[in-house]
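This briefing goes with the sequence and structure shown below.

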Amino acid sequence: MAQTGQKKRPDGVTARVRFVMIGLVLAMSVLVVRLWDLQVVHWFDYAQMAEYNRLRPERLKAPRGTIYGPDESIVLADNRSACDLVIVPAECRPMEIDAVIEKLDELVGIDEAALRRKIEESKSRPYRQVVAKQDVSRNDLMRVEEFAYALPGVFPVARPQRRYVYGDTAGQILGYLGEVGEDELGKYKLGDLIGRSGLEQVYESAMRGTDGQLVVSVYRTDRRPQLRTDALGRAYVGVDSYGRQLEQEFRVDPEAGGSIFTTLDIGLQARCEEILEDARAIGAIAVLNADTGAVLTLASTPGYDPSVFVTHGRARDREEALVGKLKPMRSRAYQEAYPPASVFKVMLAVAALEEGVIDENTTHYCPGRFRLDGVNQVWRCWKSSGHGNISVVDALAFSCDVFFYNVGLALGVDRINEWAAKFGLGRPTGIDLPHEVSGLIPSRDWWDQVRRPQYPDEPWEWRWYPGKTVNLAIGQGEATTTPLQNAMMMAAVINGGRRPRPFVNMSLGPELSEDFIGDRTIDLVHRGMRKCVDKDRSPPTGTGKAAKIPGMIILGKTGTAQIVSRKQLIKYGKDENNIPYFLRDHAWFVAGVLDREPRIAVSVLVEHGLHGSSAAAPLAKLVIEYFYASRQPPAALQVAQEGGAR
Amino acid sequence: MMQTVKGYDLLDARISIFNIRNLRHIDWVLSVLVLLLAVVGVSVLYSASQSASSSVLYYQRQLIALLIGLGLALVIICIDSRVLVWLAPVMYVGMLILLVAVIKYGVEAKGGQRWLQVGPLRLQPSEQSKLVLVFSMTWYLTKIKDRIQKFPFLLIGLGIIGVPVVLILKQPSLGTALVLVPVGVVMIYVAGCKWWHLALLAAIAAVAAPLAYPHLKPHQKDRIDTWIHPEKASSDDAWQPLQSRITVGSGGLSGKGYRQGSQTMLNYLPEHHTDFIFSLLAEEQGFIGAVAVIALFAAFFLRGLSFAHDASDMQGTILAVGAVTILACHVFVNIAITVGLMPVTGIPLPFLSYGRNFCLTAMMCVGVMLHVPVRKQLFE
């Protein structure tokens, strides 16, 4: 029976079936080998690709550190939560989008054309958030929420926005924020803000903070998860288009930037700016704590409000700040140098007394003019009738030029340079603010290295000659210093001979030089500068009498810096008011207060103010009055009003 | 004894057309293997049902299809296969009519495969044609016996497959067509054709394949291009094969765990409940699980081929080989696509992929396989 059954099959069938079996096993082996290759050999690569698919990191921006005054009760710059209305075009059906835009315009008022354009531009990436309106007010926000049903795809996104609490007060010191440039990417992402000047720039790394990260696991929907913010400003990722809650894989909360406590007296700062503005003066006032170098005020007019760089819709103000003719972003207190003029005499007096060139009793006769042997030039004293025989105390009090011509010649340019360096004139003060200018005290070296190449065909310009020393002696010629440097010099004179390094960040702390002025010298200079302010009756009167405050010991020194030679002004006649504004002399006044705590050094500069005694000294008086009087903030100090939901 | 030999005679009263007692002789080894594969299939589909894109509980539907398939398989076991083979020419003609009808009146489903709505039934003629072709080839090959060694008879055999394959290509369902050709070739081979005849045909096909390329549908061309030059492919074309490889590869040696696969759960791999179900398995269970399932399939096929090996007559051998080859081709092509060895064409994985029509086909193949040893028992 078996045989008969077998005969039904041709020979070799079983062999062929076995062959098929072998083929099948081989085929399956190919699959196993391939699986081994994918899953074991290249597992890591594919696992990474799978994670790359799944995980979507979202950056959580760190809030920037706060800038405080001396303590936490005074906030100069902080962050408020600004709310932007964004629209995700893909979350809104195409035929709805017009209605949504119109509704938005009706509710909060938007630039419809611009929004339509932006939506059109992002057509290829429909899940992008398109900003419909920046910085919406709380009322607008509530209205939008109320009509949320009619606004699919529209939601608010909160972001920290820099707020400069006092507006343009101290704007130049605080600095402003700007978007990073492409060359600065690396630690930054495009669109990040970075400190561009002032404290914002200097303490960028300290205040920046560390960005956090939110990693979510996303479904494959071709869309980015939408980062939203809850009522507390915490970021979260919502559901996706299918209504699926995206899973938060991990979250690193951003670390807020460090805060800075500053030495700034914001009340005084505001008052100083007000004083300058009231006097219609373009200029600067620097006030230092004379014993520490703490910067109490660095006022400069005109100023600007740093908010214009971070607040939406203030493009015109921004442009004005950037390209304004008067350079409102430049602090005249330390970013501009002027001839120190007679203010320089304070330094010269100290140098001469310390070097033993003169003493208390040394007198020089002032006929109102001065000549050098063999030089066909006359140097005048500001007082053409002359001061007669005059000693150092009176020379300071009445600002006798001739006395200091003699003293300067006796000292010589090298020693003047040496002492200017001790006072920190003509070199950066080391203040923790950017773009400080150094000013200049000309020296033989400078002449050789800078002037000589400038005038290759005029050999007479190569050599330092005594007439230059005469000019330098009264702070004219090539010499320039900044108001801050002069305040620093005053501080050294007030505190008895130790030059402080000015600082704004409290944590830097005072840093003073060795005492480089003898007590005897200090006493004489104090007497001269005090007389300058105090002698207000029976001529001759002190040049700084306008700064006198009864009951206070105030030191002062005026300065009147020529910018063009007297000859050039002759054609405008006797009346100073006929001189064109930009040719008028700068007015200086440096002052200090001895009998109050804290002792302060004040330096006032009024550009083209004509006379230190009339234009600058009265301002210094106002500053000192304000500082020691009630410490109530003046009316000018108002919290800046800004839009937005707070 | 002699009566048994006359077994081909349908009029033999002792062999009934339908005999429920056949069920007593079911091979339990194959049954257990099928059961295991079905369990794996349903559990994998359960995982797929939880994934993001699916609102349908695939595993429940699949379970029902499996049970219906089981019923069909049992019916096939009980029916004398000679009757089915005898009816094959009729079924073949009916199949051709349906294939033409579906081209004319069919409703297009994704992937090119079409179906006919007949009352409540959704007929996929290309699906049903698979088993019909096995019976038709068996009918032909047992009729011509060793004349298959002559080349013209071989060509006629290929023609029997060729006509429906061309119609199926018209649908266009490249995958099904690609599966049917090797099934026919293997059946002809086992029937005893000259091997160099096949080698000659293979050589001709290799030369002719590039000529066929321009006649493919654009999406089919894209898939082949993508497979040959993945770097040149547009991101959309390359997406699925790449994601499939990522899904499989990221499973690693031991897998991400049941229902823990991110690629499938988060829907990065489309069609992970149908043609790409093996990726889901490989992601969740890793190399070990994937190889275990392949081993299960291999054991299942080898057991089926052992029936062919031990069959009492040529008809049984060829039937078993045909049924096994259909499923084996599906398994190989499907997994090869999944792991990036072949261009993407819509081919389901037996017992695992969701698809009720194919589920029935697979279970009927199992029925045919199980019937072969039953026949032997009866003849003895």
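In this predicted model, chain B holds an open sheet of three strands in the order β1-β2-β3, with antiparallel pairing. β1 (107-108) and β3 (121-123) of chain B are at the edges; each has a single partner strand, so one side of each lacks a neighbour in the sheet.

**Sheet of chain B**
- Strand β2 (residues 114-118) of chain B pairs with β3(B) through three bridges, in the antiparallel sense.
- Gln117(B) has Arg122(B) in β3(B) as its bridge partner.
- Across β2 and β3 of chain B lies helix α4 (residues 81-105) of chain B, which runs at about 95° to β2(B).

**Helix pair in chain B**
- Helices α5 (residues 125-144) and α13 (residues 314-338) of chain B pack with their axes 9 Å apart, at an angle of about 150°.
- Angles over 145 degrees count as roughly antiparallel, and α5(B) and α13(B) are therefore roughly antiparallel to each other.
- The crossing of α5(B) past α13(B) is right-handed.
- Residues of α5(B) including Val134(B), Met137(B) and Leu141(B) meet residues of α13(B), among them Ile318(B), Leu319(B) and Ile326(B).
- By class, this contact of α5(B) with α13(B) has eight nonpolar, four polar and one charged residues.

**Contact between chains A and B**
- Chain A gives 40 residues to the contact and chain B gives 46 residues.
- On the side of chain A that touches chain B, the elements giving two or more residues are α1 (2-7), α2 (13-41) and α3 (43-54) of chain A.
- α2(A) supplies the largest share of that side, 19 residues.
- That side of chain A has 23 nonpolar, eight polar and nine charged residues.

Terms used. Residues numbered from 1 in each chain as written. Chains lettered and ligands numbered in written order. Predicted model: local features only at pLDDT ≥ 70, side-chain atom pairs only at ≥ 80, totals over all residues. Pairing = 2+ DSSP bridges. Helix = DSSP H or I, 4+ residues; strand = E, 2+ residues; numbered from the N terminus. Contact = placed C-beta atoms within 7 Å. Axes fitted to C-alpha atoms, helices over the stretch in contact; angles between N-to-C directions. Nonpolar A, V, L, I, M, F, W, Y, C, P; charged D, E, K, R; others polar. Parallel < 35°, antiparallel > 145°, perpendicular 65-115°, else oblique. Left-handed = near helix turned anticlockwise from the far one by under 90°.
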